[in-house]
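Student: I have a model open and want to go through a few local features. Can you take me through them?

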Amino acid sequence: ERCSAEQIKKVFLYDAKWKLVLDLGAEKAEMARNWPIAPDDFDALITTKTFTNGADEDAVKKLFRKMSVNQLGGITQLDFDGMPSISTGDARRLGGCFNLCSNLNSLDLSSVGMSDDACKGMFSTLSNGALASCQELHLFNNQIGDIGLSALAKACASRALASLQDLTLSGNAIGDVGLQSLA
């Protein structure tokens, strides 16, 4: 349930009086939202869990995959501004989610502490033609440098982000090498 909610829920709920996620099973009630994971990563995660009935594991995997395809395939906007800093592993798993986002128009990953390695991990996971409808990509106020921007350029060359019209990169550490690779 937590993994499915974390795929598309907004980080900020201005009118709500509760946290997005409250893990009552944690030693200290965890209220942070995790980065989304794709079905393949969920399959690996679920094998670490214990089920009362061993047959439930495959059913849960199938349900999560079906939900992910429908949920991520229909979403038009994702805004991750305000999320905790993204690790390289989080970014790689998020890239797996983006492969299912066929109708996504706008993606905001600004101010998420994205490093070169995280940027490379995310964009290297995109399949050919991923995020084909995405017109806006916001990556400002991160720690992306030449390596990360080169990974973005390589993803674009593979026809990922084919409809991209608005790319914001201000507030990063990009130099001439990264800009040349993007050009």
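Tutor: Start with aspartate 41, which is found in helix H2 (residues 39–46); helices are DSSP runs of H or I with at least four residues, strands are E runs of at least two, and both are numbered from the N terminus. This is a predicted model: local features need pLDDT of at least 70, side-chain atom pairs count only at pLDDT 80 or more, and totals for chains, interfaces and linings use all residues. Residues are numbered from 1 along each chain as its sequence is written, and side-chain values use heavy atoms, with hydrogens and water left out.

Student: Is aspartate 41 buried or exposed?

Tutor: Aspartate 41 is buried, because its relative accessible area is 17% and buried means under 20%, exposed over 50%, partly exposed in between (1.4 Å probe, protein chains only).

Student: What does aspartate 41 touch, leaving out residues up to four places away in sequence?

Tutor: Aspartate 41 touches Arg92 and Arg93, where contact means heavy atoms within 4.5 Å.

Student: Different topic. What order do the strands of the open sheet have?

Tutor: The order is E1-E2-E3-E4, 4 strands with parallel pairing; two strands pair if DSSP finds at least two bridges between them.

Student: Which are the edge strands?

Tutor: Strand E1 (77–79) and strand E4 (166–168), each pairing on one side only.

Student: How many bridges join E3 and E4?

Tutor: Strand E3 (residues 136–138) and E4 pair over 3 bridges, in the parallel sense. Glutamate 136 stands opposite aspartate 166 in E4.
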